[in-house]
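Here is a colleague's note for someone opening this structure for the first time. Please keep the model in view while reading the points below.

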Amino acid sequence: MTKHSIIVVEDDEITALNLSLSLQKHGYQVLAVCDNSIDAIQKIEQYNPDIVIIDISLDESNDGIELAKDVRQKFNIPFIYLTSYSDDEIISQAKLTEPYGYIVKPFDPNSLHATIQMAIFKYEMENERKNNLDSLKVDKLNLEKLLYARRSADKPIVCFGENYHLDISICETFYNDTKIKLTKKENAFLRLLVAQLGIVVSFEQAMKYVWDENGATENSVRTLVWRLRNKLETDIIKNASGIGYYIEG
C-alpha cells in the first residue's frame, strides 16, 4: 500500500494522540497534528498532505467547518470530518463544504482506515475525470449536437433520470409530462448536465457556459444547483466533490 501522508486537526489531546497512533499503525505518515485552524493552514501549505482530517468542533465552535472551507478554496486536497455531533444544523453546514467522508467519535480504527481509503480513491477518480474533461470544450453548438444525439428516435425528446425528459425543440424540462418552471440559468445548467449524462460537468464548464465567465464563482454554481434541486422532484443531481456535478447516465 502506498504510504499516504495525513495532517490531523484535533484540539483534544487524547483523541489526537489515539488518532495519530492508529494512523501510523495502518501505515500512514502523520505529517503534523494541529490544534487550531491557523496552525493547520500553515502546516498544509508547508507539507501538502494527501488528505486532512478535521475535527468539526475546533475550539468548541464550528471552526472546523470554517477551516474546511479554506482547504476547499485554497488547496486541491481532500478532507474528512471527525465529529461527535448529531446536530442536524451543524451537519447541514458541514455538507455544504463537500467533505470526502465522516468519522464519528469515538472512532473505530478499521472504520477510520476504510473511510480514508475510500476518500483517497474517490479523490483520485475525480481528478482523473477532471483531467479528461480539461480538453472537452462544450460551447452552445456542440451542446446542441450532443443533445440531438441523445434524442429518442425521431422525437426532440431526451430522457434522463427517472420520469424526466427535456424537449430540445422548446428548451423545456418535464417530470411525468408536467413542465418544470426554471430560470434561464437553471435551464442552461440542466441542459449542460443532460447533454453529458454520466460525465462530471466541472465548475469551470458551468461558469463558461451558463455565465459566459462574467463574474461567476464556484459558489455561484453551488447556489444555482441548490435552487435547481429544490425545483426537481427527485435528487438526480450528484456531487463530484471539489470538481462539479453530474446526472447518472
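1. Helix 7 and helix 9 meet through a defined set of residues. On the helix 7 side these are K185, E186, F189 and L190. On the helix 9 side they are V221, L224, V225, R227, L228 and K231. By class, this contact has six nonpolar and four charged residues, with no polar ones. The model is a predicted one, and that applies to every point here.

2. Next, the geometry of that pair. Two packed helices are described by the angle between their axes and the distance between the axes. The axes of helix 7 and helix 9 come within 10 Å. They cross at roughly 90°. Angles from 65 to 115 degrees count as roughly perpendicular, so helix 7 and helix 9 are roughly perpendicular to each other.

3. Which residues touch the most other members of the largest nonpolar core? They are F160, F189, V221, I237 and I247, in a core of 35 residues. Several elements supply at least two residues each to this core: helix 6 (140-150), strand 6 (157-160), strand 7 (164-167), helix 7 (184-195), helix 8 (203-210), helix 9 (218-231) and strand 12 (244-247). Helix 7 gives the most, with seven residues.

4. V221 deserves a close look. Leaving out residues up to four places away in sequence, V221 touches F189, F203, A206, M207, W211 and Y245. Another core lies apart from the largest one. This other core has 21 residues, including A32, I41, I54 and I77.

5. Is helix 8 enclosed or open? Six of its eight residues are buried, so helix 8 is largely enclosed by the rest of the structure. The buried ones are F203, Q205, A206, M207, Y209 and V210. Among them, F203, A206 and M207 are touched by V221. D212 follows helix 8 and has a positive phi, near 55°.

6. V200 sits in the loop between helix 7 and strand 10 (201-202). Is V200 buried or exposed? Its relative accessible area is 2%. The cut-off for buried is under 20%, so V200 is buried. V200 and Y245 are 45 residues apart in sequence. In space, their C-alpha atoms are 5.4 Å apart. Y245 is also one of the residues that V221 touches.

7. Now compare the pair formed by helix 2 (residues 37-47) and helix 3 (residues 63-74). Their axes come within 10 Å and cross at roughly 25°. The limit for roughly parallel is under 35 degrees, so helix 2 is roughly parallel to helix 3. The crossing of helix 2 past helix 3 is right-handed. S37, A40, I41 and I44 in helix 2 meet D63, L67, D70 and V71 in helix 3. By class, this contact has five nonpolar, one polar and two charged residues. I41 is also a member of the core of 21 residues.

8. Some backbone details need checking by eye. Most residues other than glycine have a negative phi, and most peptide bonds are trans. The peptide bond from K105 to P106 is cis, with omega near -5°. P106 lies in the loop between strand 5 (102-104) and helix 5 (109-134).

9. Two loop residues have positive phi values. N48 has a phi near 50° and is found in the loop between helix 2 and strand 3 (51-55). With 53% relative accessibility, N48 counts as exposed. C171 has a phi near 55° and lies in the loop between strand 7 and strand 8 (172-175). With 33% relative accessibility, C171 counts as partly exposed.

10. Last, the overall picture. The protein has nine helices and 12 strands. Its C-alpha atoms fill a box of roughly 65 × 35 × 35 Å along the principal axes. Of its 249 residues, 48% are buried. Among contacts with a separation of 6 or more, 61% join residues 24 or more positions apart.

How values were computed:
Residues numbered from 1 in each chain as written. Predicted model: local features only at pLDDT ≥ 70, side-chain atom pairs only at ≥ 80, totals over all residues. Heavy atoms only, no water. Core = buried A, V, L, I, M, F, W, Y, C linked by side-chain atoms within 4.5 Å. Buried < 20%, exposed > 50% of the residue type's maximum accessible area, 1.4 Å probe, protein only. Helix = DSSP H or I, 4+ residues; strand = E, 2+ residues; numbered from the N terminus. Contact = heavy atoms within 4.5 Å. Axes fitted to C-alpha atoms, helices over the stretch in contact; angles between N-to-C directions. Parallel < 35°, antiparallel > 145°, perpendicular 65-115°, else oblique. Left-handed = near helix turned anticlockwise from the far one by under 90°. Nonpolar A, V, L, I, M, F, W, Y, C, P; charged D, E, K, R; others polar.
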